[in-house]
Amino acid sequence: MRDLQHSISLVAAGGHTAPERLDVLVEHRDTTRRRIRELTLSLTAVEYKIATYGGSTGPDVQALDTTGTDRTALPDEPLRRALPAE
């Protein structure tokens, strides 16, 4: 809420605040990407565990990558090694 109020005040202050508004938006984008990645990794772990216990994953779940490479990295980030299964 505080960030939204800050953004509104920047817009109200005029065009000279455009660089700062851009910074705020880039930071928000990066935070959103991190959150999406964290949630995607969490969902992947849960789906793996469901499959391990013989349950079925949803139709929107891609086949698990057996190479051990984390395919949930963002396009501009390097791929990471997946954590070993528990």
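Which residues line the second largest pocket? In this predicted model, the lining consists of Asp3, Leu4, His6, Ser7, Asp23, Val24, Leu25, Glu27 and His28. Helix H1 (2-13) and helix H2 (18-52) each contribute at least two residues to that lining.

- The volume of the second largest pocket is about 210 Å³.
- H2 provides the largest share of the lining, namely five residues.
- Among the lining residues are Asp23, Val24 and Leu25, together with Glu27 and His28.
- Leu4 belongs to the lining of this pocket and also to a nonpolar patch on the surface.

**Helix H1**
- H1 comprises 12 residues and spans 16 Å from its first C-alpha to its last, close to the 16 Å expected at 1.5 Å a residue.
- Glycine 14 follows H1 and has a positive phi, near 115 degrees.

- Methionine 1 is located in the segment before helix H1.
- Methionine 1 counts as exposed because its relative accessibility is 75%, where the cut-off for exposed is over 50%.

Terms used: Residues are numbered from 1 along each chain as its sequence is written. This is a predicted model: local features need pLDDT of at least 70, side-chain atom pairs count only at pLDDT 80 or more; totals for chains, interfaces and linings use all residues. Side-chain values use heavy atoms; hydrogens and water are left out. Patches are made of residues with over 30% relative accessible area and no salt bridge: like charges are joined within 9 Å, nonpolar side chains (Val, Leu, Ile, Met, Phe, Trp, Tyr) within 5 Å. Accessible areas come from the Shrake-Rupley method with a 1.4 Å probe; for residues, only the protein chains shown count as cover. A salt bridge is a side-chain nitrogen of Lys or Arg within 4 Å of a carboxyl oxygen of Asp or Glu. Helices (H or I, at least four residues) and strands (E, at least two) are DSSP runs, numbered from the N terminus. Buried means under 20% relative accessible area, exposed over 50%, partly exposed in between (1.4 Å probe, protein chains only). The expected span of a helix is 1.5 Å times one less than its number of residues. On a 1 Å grid over the protein atoms alone, a cavity is a set of points where a 1.4 Å probe fits but cannot get out, and a pocket is an open set with protein on both sides within 12 Å along at least five of seven lines; lining residues have an atom within 4 Å of a point. Grid points are joined across faces, edges and corners, and a volume is the space filled by probe spheres set on the points.
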